[in-house]
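I opened this model to look up how its chain is packed. My entries follow the order in which I checked things.

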Amino acid sequence: MTNLGYTHDHGIDLLLLASDNPVAVQVKRRSRPDAVEGVSTIREFLGAAQLAGYNQVLFVTSAPKYSRPAQKAAEDAVEKGLMSAFQLMDGIELTAILPDCGSRPAWEVGLERPRMLGGGKKPFSLPITLE
């Protein structure tokens, strides 16, 4: 994994390098618990990934859900051959793969064991099929 998340990162926060075909990752933190990830951020990420030459992408948000147009845009990108994989992970799915941290923030616990999540019992894996 390569962290690219900084100012002027061209819309790509991370690269997952688990195969010869890297996965571009965009991560969004939403402060409102009722936030819905909209289609504009999905389209923007799609364009950024295409311009950078990636064809597998993962969009992660802390929002509990994606709008239907956002879901459709990701589906259309694959159906039209613009991407070979476009995975959406919402806040509920994200929370499910994070360890039980008690009262501590999950990111703090994750920093202590960056290669193991889920309470340190299993390796971290993403729900995306890599080519």
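**Burial and overall layout.** I call a residue buried under 20% relative accessible area, exposed over 50% and partly exposed in between, with a 1.4 Å probe and protein chains only. By that cut-off, 38% of the 131 residues of the chain count as buried.

I note that this is a predicted model, in which local features need pLDDT of at least 70 and side-chain atom pairs count only at pLDDT 80 or more, while totals for chains, interfaces and linings use all residues. Residues are numbered from 1 along each chain as its sequence is written, and side-chain values use heavy atoms, with hydrogens and water left out.

I took helices (H or I, at least four residues) and strands (E, at least two) as DSSP runs, numbered from the N terminus. The chain has four helices and nine strands. Along the sequence I read the pattern β-β-β-β-α-β-β-α-β-α-α-β-β.

For contacts I used heavy atoms within 4.5 Å. Among the contacts with a separation of 6 or more, 60% come from residues 24 or more positions apart.

**Confidence.** I checked pLDDT, the predictor's confidence in each residue, from 0 to 100. The chain average is 76, and 66% of the residues score at least 70. Over residues 110-127 the pLDDT is below 50, and this stretch has 24 contacts in the model beyond near neighbours in sequence.

**Strand S5.** I looked up how enclosed S5 is. Six of its six residues are buried, so S5 is largely enclosed by the rest of the structure. Both faces are covered: one side carries Gln-56, Leu-58 and Val-60, the other Val-57, Phe-59 and Thr-61, and all are buried.

Next I checked its partners, where two strands pair if DSSP finds at least two bridges between them. S3 pairs with S5 in the parallel sense over five bridges, and Lys-28 stands opposite Thr-61 in S5. S5 and S7 also run parallel, joined by five bridges. On that side Phe-59 stands opposite Leu-88 in S7. S7 has four of its five residues buried, so it too is largely enclosed by the rest of the structure.

**Gln-26.** Leaving out residues up to four places away in sequence, Gln-26 touches Gly-11, Ile-12, Asp-13, Phe-45, Leu-58, Phe-59 and Val-60.

**Aromatic pairs.** I paired rings of Phe, Tyr and Trp (its six-membered ring) if their centres lie within 6.5 Å; planes under 30 degrees apart count as stacked, over 60 as edge-to-face and the rest as tilted. I found three aromatic pairs in the structure. The ring centres of Phe-45 and Phe-59 are 5.8 Å apart with the planes at 65°, so this pair is edge-to-face. Phe-45 lies in helix H1 and Phe-59 in strand S5 (residues 56-61), so the pair ties together parts 14 residues apart in sequence. Phe-45 is buried at a relative accessible area of 2%, and Phe-59 is buried at 0%.

Phe-45 and Phe-86 form an edge-to-face pair, 6.1 Å centre to centre with 85° between the planes. Phe-86 lies in strand S7 and Phe-45 in helix H1, so this pair ties together parts 41 residues apart in sequence. Both Phe-45 and Phe-86 are buried. Ring pairs link Phe-45, Phe-59, Tyr-66 and Phe-86 into a cluster.

**Helix H2.** H2 (residues 68-79) has twelve residues and reaches 16 Å from its first C-alpha to its last, close to the 16 Å expected at 1.5 Å a residue; I took the expected span as 1.5 Å times one less than the number of residues. I then asked which residues of H2 are buried. They are Ala-70, Ala-73, Ala-74, Asp-76 and Ala-77. Seen down the axis of H2, these buried residues fall within an arc of 165°, so they line one face of the helix; the arc is that of the directions from the helix axis to the C-beta atoms. An α-helix has 3.6 residues a turn, so residues three or four places apart point the same way.

What covers the buried residues of H2 includes strand S4 (36-37), helix H1 (39-52), strand S6 (65-66) and strand S7 (85-89). H2 is followed by Gly-81, whose phi is positive, near 80°.
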